[in-house]
Amino acid sequence: MSSIRFPRPTRRAFLAGGTAFATSLALPAISRAAARPQFTHGVQSGDVDATSGMIWTRTDRPAKVMMEVSTTESFANARQLAPMSALPNHDMAVKRLVEGLPSDQDIFYRFVAADLNDINAVSEPVVGRFRTAPSARRDVRFAWSGDTAGQGWGIDDDGMATYATMAQHRPDFFIHSGDTIYADGPMQDEVEKDGQLIWKNTTLIDEKRKVAETLDEFRGQWKYNLLDEHVRAMNAVCPTFTQWDDHEVVNNWSSSRSLVEDDRYSEKSIHVLQARATRAFHEMTPLRITPSEPGRVYRKISYGPMLDVFFLDLRSYRGPNTENLQAELTDESRILGAEQMAWLKRELANSDATWKVIASDMPIGLVVGGGQEAIGNGDNGSAKGRELEIGELLRFIKTAKIHNTVWFTADVHYTAAHYYNPDKAAFQEFEPFWEFVSGPLHAGTFGPNDLDMTFGPEVKYIKAPTEDQGQNLPPSMGLQFFGLVDIDGATQQMKVRLMDRADKELWSVTLDPVGASI
């Protein structure tokens with residue numbers, strides 16, 4: 001990762017000097033088109049705030065990647081950034097943080113690649129865009145969902161159509177809530193049920209035909225998703241704020257996960273797989289890098305005065321998966337980990353944003369994996385196991401008088417709205433709050449899951465397979481879900497809509513902010 005700073009983050013300063021770079025990417029023409037480098041998987045942006053954002057691309061060979069940014073689509077006022085080298089040690093992927101941008105401004109970015117072995121062989125340009133966060137109140141829209149290319153359902157003739165549906169709403173950004181790939185989910189060319197062909201993966205690569213074990217196989221999982229035209233089209237116009245869960249490594253992984261009996265894996269160390277998966281995750285996503293912990297996923301992104309987004313990582317710092325019924329909070333019973341918990345409390349307390357969105361890769365009150373895998377353990381009683389750490393967080397939010405926290409999550413492959421009511425809860429030391437569940441984006445549909453009543457969740461809406469439909473429904477059944485969130489710049493109200501792949505609004509609610517001045 002590299003970065004470039006502009007001296008004054010205003011549009012006037014940004015435009016200044018544009019003429020000097022008007023021909024910045026002009027390089028010698030070539031006569032052999034086949035010799036040109038290629039951009040293999042489009043462009044991505046991510047982690048955008050008021051003055052900066054990440055940009056990403058990948059080439060087909062070692063290349064000098066030249067970059068420029070502009071506030072106009074014509075690039076008439078383009079500024080050149082220092083070039084970066086796309087090299088095999090990062091699978092020819094490059095990403096950088098662009099800083100010093102003007103707030104609330106459309107930013108266009110463009111890449112051109114020159115072959116390092118033939119510097120006169122220059123690619124066609126590839127272009128993306130994003131909008132920086134506002135410094136004053138304006139309407140903000142974001143989407144969220146999770147679960148891409150799971151359970152054997154890959155790229156068919158229709159492609160990952162939920163991405164196209166989301167893109168039509170032109171969100172300021174998209175939160176991918178985890179299970180961004182399915183490294184443990186091999187695919188076949190065709191899927192049959194009861195002797196009938198029900199699905200055909202018309203696009204498939206060798207890396208998707210087996211579980212991922214090597215670094216290149218993990219990289220291949222990411223590159224497969226980027227072969228989908230809908231994914232690439234959305235990436236080019238909408239920043240993705242990415243987090244992860246288990247399938248980026250292997251199903252339900254924790255330090256106690258054993259692969260000894262899983263014949264699909266020749267690599268039996270979960271720690272080796274996690275290390276390789278982590279590297280591929282950061283190489284292939286436009287996620288900011290934290291210098292103090294380069295592999296870190298949890299972070300805060302501020303998107304203007306009305307919104308802070310806190311991205312949790314419920315996977316990397318958890319204790320081993322157990323019965324999840326410990327009576328005391330120890331390292332074994334944690335799911336956030338002490339350091340992440342301290343960070344979250346501190347950042348929530350320091351937030352001046354109207355809305356504090358907590359993007360969680362797993363839900364709070366749904367029982368997952370028999371109670372061993374997530375937070376809710378299924379006993380419906382006082383807080384135990386991982387519920388102890390979440391109870392500590394909810395108590396802190398109440399005591400510190402932190403208002404307008406809303407949770408967004410995925411993981412369970414259906415969509416729902418939960419209202420957590422202390423009057424209905426076994427653990428009551430918290431203020432009421434909402435949790436919204438969405439997904440899958442393009443994977444098997446499951447559910448519904450049982451509720452754990454420790455924190456008093458009330459189901460306000462649910463859409464999941466019926467008993468007659470069964471489980472692991474393919475995307476062609478239409479039960480693919482995402483959510484849309486609109487924050488009104490005038491009233492500061494938050495409207496949450498649960499949507500399906502066909503762009504049908506299934507349910508909505510409008511939340512009034514506590515303590516916000518209009």
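Q: How many cavities of 30 Å³ or more does the count come to?
A: First, a heads-up: this is a predicted model, where local features need pLDDT of at least 70, side-chain atom pairs count only at pLDDT 80 or more, and totals for chains, interfaces and linings use all residues. Residues are numbered from 1 along each chain as its sequence is written, and side-chain values use heavy atoms, leaving out hydrogens and water. A cavity is a set of points, on a 1 Å grid over the protein atoms alone, where a 1.4 Å probe fits but cannot get out. By this rule, the count is 1 cavity.

Q: What is the volume of the largest cavity?
A: Grid points get joined across faces, edges and corners, and a volume is the space filled by probe spheres set on those points. For the largest cavity, that comes to about 210 Å³.

Q: Which residues lie closest to the centre of the largest cavity?
A: Lining residues have an atom within 4 Å of a point, and this cavity has 16 of them. By class, they split into 7 nonpolar (Ala, Val, Leu, Ile, Met, Phe, Trp, Tyr, Cys and Pro), no charged (Asp, Glu, Lys and Arg) and 9 polar (the others, Gly among them). The closest to the centre are Gln44, Tyr163, His176, Trp222 and Val231.

Q: Which element supplies the largest share of the lining of the largest cavity?
A: Helices (H or I, at least four residues) and strands (E, at least two) are DSSP runs, numbered from the N terminus. Strand E11 (173-176), H3, H4 and strand E14 (240-242) each supply at least two lining residues. The largest share, 3 residues, comes from H4.

Q: Is glutamine 44 buried or exposed?
A: Glutamine 44 sits in strand E2, and among its contacts (heavy atoms within 4.5 Å) beyond four places in sequence are Trp56, Tyr109 and Asn235. Buried means under 20% relative accessible area, exposed over 50%, partly exposed in between (1.4 Å probe, protein chains only). At 7%, glutamine 44 is buried.

Q: How many of the 11 residues of helix H3 are buried?
A: What covers the buried residues of H3 includes strand E2 (39-46), strand E3 (53-59), helix H4 (229-237) and helix H5 (270-283). Among those buried residues are Phe218, Trp222 and Tyr224. Helix H3 (residues 215-225) is largely enclosed by the rest of the structure, because its buried residues number 9.

Q: Which element gives the most to the lining of the largest pocket?
A: A pocket is an open set with protein on both sides within 12 Å along at least five of seven lines. The largest one has a volume of about 430 Å³, and Asn404, Glu431, Pro432, Phe433 and Val514 lie nearest its centre, out of 19 lining residues. Helix H7 (387-399), strand E18 (405-409) and strand E20 (433-437) give two or more residues to the lining. With 3 residues, the one that gives the most is H7.
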